[in-house]
Amino acid sequence: MTYDWSFSMLDVRPSAEGQTDVVYCIHWRFGGDDGSGHSAFVYGRTGCTYTEGDPFIPFADLTKSEVEGWTTTNLGDDEVARLQAQIDGMIAEEITPTTEEMTPPWQNGG
């Protein structure tokens with residue numbers, strides 16, 4: 001299974017803690033791909049905090065890797081593992097469904 005993070009939006013404070021465009025909320029999508037055409041995604045957001053005096057990366061210089069690190073740190077190892085398990089379960093359900101949707105019989109002309 002291959003997992004990947006993507007980030008659609010970063011909420012910023014125009015001015016905070018002596019800096020400009022300070023990220024305080026990360027909108028993320030976390031996906032998994034089993035390599036055989038099955039994939040699943042979960043979405044969410046997580047907050048992050050900058051404290052004056054800590055190392056600061058200007059918004060224009062942010063990289064995906066840095067934002068991914070903030071995201072996984074703020075979510076924590078247990079939550080990241082739970083998200084991976086959720087994605088794994090969604091893919092397993094796609095491969096071998098345990099439920100299915102059926103049209104009510106009265107809507108089939110019966």
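A: Helices and strands are taken here as DSSP runs, numbered from the N terminus: a helix is a run of H or I of at least four residues, and a strand is a run of E of at least two. The model is predicted, so local features need pLDDT of at least 70 and side-chain atom pairs count only at pLDDT 80 or more, while totals for chains, interfaces and linings use all residues. Residues are numbered from 1 along each chain as its sequence is written, and side-chain values use heavy atoms, with hydrogens and water left out.

The buried residues of α1 are V67, T71 and L75. They lie on the same side of α1 because they cover an arc of only 65° around the axis, the arc being that of the directions from the helix axis to the C-beta atoms. In general, an α-helix has 3.6 residues a turn, so residues three or four places apart point the same way. The face turned away from the buried side of α1 carries the exposed residues S65 and T73. Buried means under 20% relative accessible area, exposed over 50%, and partly exposed in between, with a 1.4 Å probe and protein chains only.

The buried residues of α1 pack against the strands β1 (2-16), β2 (19-33) and β3 (39-47), and against the helix α2 (77-95); contact means heavy atoms within 4.5 Å. After α1 comes G76, whose phi is positive, near 90°.
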